[in-house]
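Subject: Structure for you to look at

Hi,

Here is the structure I promised to pass on.

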Amino acid sequence: MTSPIDVNDYDVEEMVSHDKNSLWHHLKSHTCFENGEQMIVVEGDGLKIKDIRGNEFLDATSGGVWSVMVGYGRESIARAVYEQLKVMPYFAGAYGNIPSIRFAAKLLELLPRLDKVYFSNSGSEANEKAFKMVRLASNIISSRKGKYKILYRDRDYHGTTVATMSAGGQFERKKGFGPFVEGFAEVPHCLCYRCPFDKTYPECNIDCARAVEEVILKEGADSVGGFVVEPITAGGGIIMPVKEYFPIVQDICKKYGVWLIMDEVVCGFGRTGKFWGHDHFDVDPDIVTMAKGLASSYEALSATVVKQEIYDMFLNDPNNPEEQTNFFRDISTYGGCTAPMAAALESTRIIEDECLVENSRKMGVLLLEKLQALTNLPVVGDVRGIGLFSGLELVLDKKDKNPVSEAQMGQLMANILAEKVIVGRTNSSLPGLNTTLYFVPCLTVIEEEIDEIVAAVKKAIEKTFAEYLATAV
């Protein structure tokens, strides 16, 4: 009998070789592997990570995709998962298990205006469930007959499956993967810095919100059943709507019987300085989807949470042949895993007990203030965000807002990494506008770490654009 595998017993050069020859990395051009060794992350503690070569970095991306809310190295989460796996690791979600029941109840405490929780394993899947609810209701509920179309917003991102890409507002993420699913329509984004209507707030009539009604009427009000939207646009550039935006949008949705689907995959669990991103606005969504921070990415988990009236639409009469299939005929295999629920319960406890939502608010104010100080640099066009969720958009001309080049952004990212700090950026999403740096650290970040992040970015900007800055002075 062989011994159990020790995943931390490895040969460095063997792992580097296997990484190049065996592993297909996400979101990277294959040419990266021809040109050099890729980072292999082996250890994390707080906001610090260590690579296989022993280099240590300060991570301002919460795991690269903004999801490690409580920081690395939380033994209590690992312990909760271990203890649960010993008792019961899995049974299909058609049945209940204790941690899923407990966490569903906890989520409804945090979302008191919603009533039922459906678990799955990724943000893409959580949004797919919402789309399927819209589609099924349009076929079995007389008052919603034919209301199968779903609106989405330019620059928003809702997932990587074909259906969620159909609802994606980032052209480069979608390019080449079509044809897409029929029945999705785009509405304008709400970034004031690059207003799609060339207007200035507040003398703009909030046209970006009112355009939702125009699209509904263009598509046919009898055919539109849902509008999926991020409360604050994430990967499309960190876009905070103005305060009037969502009340207008909600009134329009109610007028036409359109379910408002709030995608909290990124914004939820304290990222924005409130527990939910939509808490910043006067809005009451019909469906809320979530993932990423749900279990701080110690385990894979997502959820689709709905109002009782939506849940009740799928109550069927099994003895009526015409209604036998009128229930939500859907399953997510990993929605029956117990370990993610245990991780989520413990991660949520940490967020609450350590007041990390408040820390996100306080440190977010500090982060935004320090980033705003960089606007005295000629290439920093706009700084925006809320909580630990900030973006810095780079331009070559502040008046015309001409963006820097992709090559310059690539060099800037390399220069920041050379300072042993990891930040994010708009990545293969918006043609000609992949020029926003992202700052999304774990909710445990402290002031000294924020200073380190901003100092590294300032130094890297000055190095990358040294020639331009010299002539701009």
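**What I found**

Just after helix H10, Gly 257 takes a positive phi of about 65°. Before I go on, please keep in mind that this is a predicted model.

**Around H10**

Helix H10 covers residues 245–255. Its buried residues are Tyr 245, Phe 246, Ile 248, Val 249, Gln 250, Ile 252 and Cys 253. What sits over them? As a reminder, an α-helix has 3.6 residues a turn, so residues three or four places apart point the same way.

Now for the strands themselves. E7 is largely enclosed by the rest of the structure, because six of its six residues are buried. E5 and E7 run parallel and are joined by three bridges, with Lys 149 and Val 224 as bridge partners. E7 also runs parallel to E8, this time with four bridges, and here Phe 227 is partnered with Leu 260. Going from E7 to E8, the chain passes through H10, and this β-α-β crossover is right-handed.

**A four-stranded sheet**

There is also an open sheet of four strands with mixed pairing, in the order E1-E2-E3-E14. Which strands are at the edges? Those are E1 (41–45) and E14 (421–422), each of which pairs on one side only. E14 pairs with E3 (residues 56–59) in the parallel sense, over two bridges.

I have two cis peptide bonds to show you:

- Gly 178 to Pro 179 is cis, with omega near 5°. Pro 179 is in the loop between helix H8 (171–174) and strand E6 (184–187).
- Tyr 201 to Pro 202 is cis as well, with omega near 10°. You will find Pro 202 in the loop between E6 and H9.

- Trp 66 has phi near 70° and lies in helix H3 (residues 62–66). Buried or exposed? Trp 66 counts as buried, because its relative accessibility is 8% and the cut-off for buried is under 20%.
- Ser 428 has a positive phi of about 45°. This residue belongs to the loop between strand E15 (424–425) and strand E16 (436–439). With a relative accessible area of 38%, Ser 428 is partly exposed.

**Cavities**

How many cavities of 30 Å³ or more does the structure hold? There are three. The largest cavity has about 110 Å³ of space. Its lining is made up of 15 residues, and those nearest the centre are Cys 190, Cys 192, Cys 195, Cys 204 and Cys 208. Sorted by class, that lining has 11 nonpolar residues, two polar and two charged.

**The second largest pocket**

The second largest pocket has a volume of about 770 Å³. It is lined by 26 residues, and Gly 93, Val 117, Tyr 118, Phe 119 and Tyr 311 are the closest to its centre. Which elements does the lining come from? Helix H5 (98–110), strand E4 (116–120), strand E10 (302–306) and helix H11 (308–312) each supply at least two residues. E4 gives the largest share, with four residues. By class, the lining of this pocket divides into 16 nonpolar, eight polar and two charged residues.

**If you only have a few minutes**

I would look at these places, in this order:

1. The crossover from E7 through H10 to E8.
2. The cysteines nearest the centre of the largest cavity, including Cys 190 and Cys 208.
3. Trp 66, with its positive phi.
4. The cis bond from Tyr 201 to Pro 202.

Let me know what you make of it.

Cheers

Technical notes
Residues numbered from 1 in each chain as written. Predicted model: local features only at pLDDT ≥ 70, side-chain atom pairs only at ≥ 80, totals over all residues. Heavy atoms only, no water. Pairing = 2+ DSSP bridges. 1 Å grid on protein atoms, 1.4 Å probe; cavity = no way out; pocket = protein on both sides within 12 Å on 5 of 7 lines; lining within 4 Å. Points joined across faces, edges and corners; volume = space filled by probe spheres on them. Nonpolar A, V, L, I, M, F, W, Y, C, P; charged D, E, K, R; others polar. Buried < 20%, exposed > 50% of the residue type's maximum accessible area, 1.4 Å probe, protein only. Right-handed = clockwise from strand over helix to strand, strands pointing away.
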